[in-house]
Amino acid sequence: MSLKEAVDEICRYYVGNREVVEKIMAALIAGGHVLIEDVPGVGKTLLAKLFSRVLGLSFKRIQFTPDLLPSDIVGTKVWRREKEAFETVKGPIFTNILLADEINRAPPKTQAALLEAMQELQVTIEGETYVLDKPFLVLATQNPIELEGTYPLPEAQLDRFMLRISLGYPDDRRFLRERMSWKTDDPASLARVVLSREDVLAAMAKVEDVEVVDEVLDYIAEFAAIRSDRRVLAGPSPRALASLLKIARAYALIQGRTYVIPDDVKALAADVLGHRIYLKPEHKLEGVDPRAIVREYLAKIPAPKWRK
Ligand SMILES: Nc1ncnc2c1ncn2[C@@H]1O[C@H](COP(=O)(O)OP(=O)(O)O)[C@@H](O)[C@H]1O
Ligand SMILES: [Mg+2]
């Protein structure tokens with residue numbers, strides 16, 4: 001059973017763009033996290049459940065609200081009278097796939113608890129440190145329309161996400177036909193289990209072995225040119241470029257290759273680099289989309305002709 005077959009199975013029940021599923025899979029295999037910006041009802045919850053089912057991984061969901069506390073995420077210690085001792089109750093962050101729904105509805109302190117855990121892969125519960133499960137994929141969602149009473153993630157925090165994507169709408173005719181044939185509102189329950197947690201860990205271990213020739217490395221490095229774009233205050237950091245390199249290797253694995261080709265980089269650049277570009281205030285106000293800037297550079301920078 002392969003990563004490709006897992007993507008196939010997810011795409012049987014998630015009606016939408018296959019490329020989106022491949023990108024989320026690549027983020028998971030590369031040990032990254034994904035910020036999904038979409039309106040309700042486009043299949044975010046379904047997609048998270050499908051990943052967990054098809055890959056044999058645990059799944060939890062946290063609805064972020066204004067009164068959510070850091071301890072609601074990481075856990076707490078409670079006094080057990082019968083045992084006359086404190087017992088650690090681990091929070092929902094102890095899971096393989098965490099759907100952090102409407103992350104911008106919780107105050108910054110609570111957001112920070114999640115973002116820190118994403119970075120460090122461990123949490124502290126009242127002074128004691130606990131290592132998180134592996135793999136650990138956060139799918140955080142933000143509703144791009146309903147912004148009232150929300151706390152937008154600070155730009156510096158966006159860097160914690162390997163990818164920022166939106167799912168978009170499915171082909172509605174196909175969706176309704178499929179919905180008729182599934183006879184359920186929860187098609188994730190119909191999906192086959194294709195891989196196990198061990199398979200996922202094995203795939204993760206292979207990412208660093210994926211070959212990247214100098215021509216492709218240089219191609220990735222060219223995106224540093226965005227730093228001197230007239231609209232940009234700060235362009236992609238070295239960490240952002242390293243992120244692009246890593247997810248391109250994972251993406252190549254999903255395509256069944258052991259080497260990265262320029263097309264892997266092209267498929268991912270806007271979703272990896274876009275949210276790591278700081279625009280000058282006047283261009284931000286104008287509503288310039290940093291992803292569009294990355295696309296301009298994709299069109300401008302000649303891709304190496306290299307083929308295996
Ligand atoms: N792209 C899609 N493919 C298959 N089913 C979908 C899709 N989008 C929505 N649905 C169905 O619509 C309902 C709501 O989807 P859900 O995943 O809860 O949306 P969201 O989490 O984005 O608000 C579910 O019954 C789900 O099965
Ligand atoms: Mg949902």
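Where does proline 135 sit in this structure? Its place is in the loop between strand S7, residues 128–131, and strand S8, residues 137–142. Good morning, everyone. Before we go on, please keep in mind that this is a predicted model.

The peptide bond leading from lysine 134 into proline 135 is cis, and its omega is near -5°.

Which of them comes up in the loop between strand S3 and strand S4? That would be glutamate 84, with S3 covering 75–80 and S4 covering 85–90. Glutamate 84 is not a glycine, yet it has a positive phi of about 50°. Is glutamate 84 buried or exposed? It counts as exposed, because it has 7 C-beta neighbours inside 10 Å, and the cut-off for exposed is 12 or fewer.

The other spot is lysine 183, in the loop that joins helix H7 (172–182) and helix H8 (197–206). Here too phi is positive in a residue other than glycine, this time near 60°. Lysine 183 has 8 other C-beta atoms within 10 Å, so it is exposed.

Now, on to the ligand. Which residues come nearest to ligand 1? There are 14 residues around ligand 1, and the nearest are Val15, Gly43, Lys44, Thr45 and Leu46. If you look for the element that gives the most to this shell, it is helix H3, residues 44–54, with three residues. By class, the shell around ligand 1 has eight nonpolar residues, four polar ones and two charged ones.

Keep Thr45 in mind, please, since the next residue touches it. Leucine 99 lies in strand S5. Setting aside residues up to four places away in sequence, leucine 99 touches Thr45, Ala48, Arg61 and Leu139. With 24 C-beta neighbours inside 10 Å, leucine 99 counts as buried.

Let's follow the chain out of S5. Asparagine 104 lies in the loop between strand S5 (97–101) and helix H5 (108–120). Apart from residues up to four places away in sequence, asparagine 104 touches Gln142, Thr150, Tyr151, Pro152 and Leu153. Asparagine 104 and threonine 65 are 39 residues apart in sequence, and their C-alpha atoms are 8.4 Å apart in space.

You will find leucine 68 in the loop between strand S2 (59–63) and helix H4 (70–74). Leucine 68 is buried, because 20 other C-beta atoms lie within 10 Å. Leaving aside neighbours within four places in sequence, leucine 68 is in contact with Ala106 and Thr110. From leucine 68 to serine 166, 98 residues apart along the chain, the C-alpha separation is 25 Å.

For the last part, let's turn to helix packing. Two packed helices are described by the angle between their axes and the distance between the axes. At what angle do the axes of H10 and H11 cross? Helix H10 spans residues 238–254, and its axis crosses that of H11 at roughly 135°, coming within 9 Å. H10 and H11 are therefore oblique to each other, and their crossing is right-handed. On the H10 side, the contact includes Ala240, Leu244 and Ile247, and on the H11 side it includes Val265, Leu268 and Val272. The residues of this contact between H10 and H11 divide into twelve nonpolar, one polar and one charged.

The axes of H11 (residues 262–273) and H13 (residues 290–300) come within 8 Å and cross at roughly 150°. H11 and H13 are therefore roughly antiparallel to each other, and this crossing is right-handed. Lys266, Ala269, Ala270 and Leu273 of H11 make the contact with Arg291, Val294, Arg295 and Leu298 of H13. By class, that contact has five nonpolar, no polar and three charged residues.

Definitions and conventions
Residues are numbered from 1 along each chain as its sequence is written. Chains are lettered from A and ligands numbered from 1 in the order in which they are written. This is a predicted model: local features need pLDDT of at least 70, side-chain atom pairs count only at pLDDT 80 or more; totals for chains, interfaces and linings use all residues. A residue is near a molecule or strand if its C-beta atom, placed from the backbone, lies within 6 Å of it. Helices (H or I, at least four residues) and strands (E, at least two) are DSSP runs, numbered from the N terminus. Ala, Val, Leu, Ile, Met, Phe, Trp, Tyr, Cys and Pro count as nonpolar, Asp, Glu, Lys and Arg as charged, and the others, Gly among them, as polar. Axes are lines fitted to C-alpha atoms, for helices over the stretch in contact, and angles run from 0 to 180 degrees between N-to-C directions. Angles under 35 degrees count as roughly parallel, over 145 as roughly antiparallel, 65 to 115 as roughly perpendicular and the rest as oblique. A crossing is left-handed if the near helix is turned anticlockwise from the far one by less than a right angle, and right-handed if clockwise. Two residues are in contact if their C-beta atoms, placed from the backbone, lie within 7 Å.
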